[in-house]
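Dear colleague,

Please find below the structure that I am handing over to you, followed by an account of what was found in it.

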Amino acid sequence: MTVLAGSGRRAAAPPARQSKRRVRRLGSRAAYAYVAPFFVVFAAFGLYPLLYTGWVSLHNVNLENLHHSTWLGLHNYVALWHNQFFWNALRNTISIGIISTVPQLCMALGLAQLLNYKMRGRTFFRVAMLMPYATSVVASTLIFAELFGRDYGLINWVLHFFGVHHIYWTNGARWQSQIALAAIVTWRWTGYNALIYLAGMQSIPTDQYEAAAIDGASRWQQFWFVTVPSLRPTILFTIVISTIGAMQMFAEPYLFAGDGTTNGGGQHQFQTLALFMYQQGWTNFHLGQAAATAWTMLFIILALVGINAALARGRSGRN
Amino acid sequence: MAKPKAGKQLTAGRYTYAVLALVTIIAVFPLYYTLIIASHTNYQMAQTPPPFVPNASVFHNIRLALHEQPLFKAIVNTVIVAGSITLGTVAFCTLSGFAFAKLHFRGSRVLLGVTVATIAIPPQLGVIPLFLLIAKLHWVNHLQSVVLPTLVSAFGVFFMRQYLSNAVPTELLEAGWVDGASTFRIFRSIVLPIARPAMAVLAMLTFLAAWNDFFWPLIALTSRNPTVQIGLAGLGSGYIPQQAVIMAGTLLCTFPVLIVFALLGRQIVGGIMQGAVKG
């Protein structure tokens, strides 16, 4: 994670340096015991299941008969390739991912800039903006399904003042439901990401702004030429985290239509990859297909993270 | 966190307050509106203009929601699950963070790197074998199947390490060593008191995440022995004619946590920002 390491523009006071040394003489056997729990838990419940998923994806495994599995080779992947609903889910995941992430991060950046001003009630604003983050994804989706209701939802009631009538957000055209889902994600995460950016902004040395101000840079120019470049590692970090989250989006499309199915809307308008995976495994009892979907998702995520890391390295190498 | 010198910081103008007020309303209003839907019938919600003030029928609707789904059991279950996860995570991550921050051992850099790298690996994609595993252990529908996989987190280890490497003076640890104290004794009597603020923040974030977790509990548990989110999801996807009942259930399962969150808000905001910068 070069992204993480790169953002270490540490704000701590310099005297800490001395105490950052490690204790040379303290026992190393104890150290291994202290760090062991994480590695044991990760091996048992993280790494092993992921590798085993690869094995399952090459076999025919049925949920109702777990002990009899037959070797299939790449058949599950070939079947996925020819499954129109897989491609539909991939397209939906990408489009919802883009419309839920890009505006969100831009707004978070602007919001962080405002929160960085000297003002009254700063703690109040910050806590208020974090309330959606504390609301569970299930609760948020149920609440927004009400707000986005076709006939009596508050959002359609507000829109009718502008001459827009009865948009069927929860089960209508593809773009309508996808915008609604993106709104839920944006509502939940904008405040959180704004705080991350705010933390980054507060560790930018003030003399950079002073120098820019002496050169006659306006507030906007300072934001664009000092703040944004300094925040680049943080921005990349939030992009990586949001991308991983978007690729795995599940609860919102699962609960939004309120019909208890895993179709993601009557015409699969908003079935995401994670929802498709769950449907393959736990509705159709076809674990091999589900595992192949999971590994495909894993490859996509690792590729995206890799691209981001390469971009980060390339940038910092040039500067 | 270094704050820019107060004199240099730009002061918020009228427009800044206006925008922030608007954003605050957007952030909080859906939660308030939950209360309104929870206290009105579908017929009342269909009036023009819709109602904007809650009333006491919310309590009646909460009773109806409890009739539909075992939400009390779900709340008790979730307190057990989230409590265990929080205890485990804070204990293991503090120990581990201490080792990575202050102890000298072969391979510590590599192990720390591996720990951080696992943050990018989505555990959600391993649910199929994980389900097979707990099925083999006959843990399906038992709470330990939800507790064990999240008993310690990479984020927590890293968070505690960052905090402890700055907060604990190494000289103090060396003094303890000279006095002949064991490593664990040093941890208990020197590191632990200093670590307390960071442990509190980690505990709050962990409890919140465990309370809100959905995907894995949905697979590992059933509606007979649910956590809060599973009970809520069942309420939302069942056939319930009155929307008020769904929102009353949402209220019951969400607001206690939100109120605690708001009360501890300052510390949580600080914790999230600390975790971000020191990354």
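In the interface, 92 residues of chain A are in contact with 103 residues of chain B, two residues being in contact if their C-beta atoms, placed from the backbone, lie within 7 Å. Helix α3 (residues 28-57) of chain A supplies the largest share of the side of chain A that touches chain B, namely 17 residues. Helices (H or I, at least four residues) and strands (E, at least two) are DSSP runs, numbered from the N terminus. By class, this side of chain A has 63 nonpolar, 19 polar and 10 charged residues; Ala, Val, Leu, Ile, Met, Phe, Trp, Tyr, Cys and Pro count as nonpolar, Asp, Glu, Lys and Arg as charged, and the others, Gly among them, as polar.

This is a predicted model, in which local features need pLDDT of at least 70 and side-chain atom pairs count only at pLDDT 80 or more, while totals for chains, interfaces and linings use all residues. Residues are numbered from 1 along each chain as its sequence is written, and chains are lettered from A and ligands numbered from 1 in the order in which they are written.

Chain A contains 15 helices and 2 strands. Of its 319 residues, 45% count as buried; a residue is buried if 20 or more other C-beta atoms lie within 10 Å of its own, exposed if 12 or fewer, and partly exposed in between. Among the contacts in chain A with a separation of 6 or more, 71% are between residues 24 or more positions apart.

Two residues of chain A deserve a note on backbone geometry. Most residues other than glycine have a negative phi. A:His268, in the loop between α13 (251-256) and α14 (273-283), has a positive phi of about 55 degrees. A:His268 counts as partly exposed because it has 19 C-beta neighbours inside 10 Å. A:Phe285, in the loop between α14 and α15 (287-318), has a positive phi near 55 degrees. With 14 C-beta neighbours inside 10 Å, A:Phe285 also counts as partly exposed.

In chain B, helix α1 (residues 14-38) has 25 residues and reaches 36 Å from its first C-alpha to its last, close to the 36 Å expected, that is, 1.5 Å times one less than its number of residues. This helix bends by about 35 degrees at B:Phe29, and B:Pro30 follows within four residues; the bend is the angle between axes fitted to the seven residues ending there and the seven starting there. Buried residues of α1(B) include B:Ala27, B:Pro30 and B:Leu31. In helix α12 (residues 228-237) of chain B, 9 of the 10 residues are buried, so this helix is largely enclosed by the rest of the structure.

Yours sincerely
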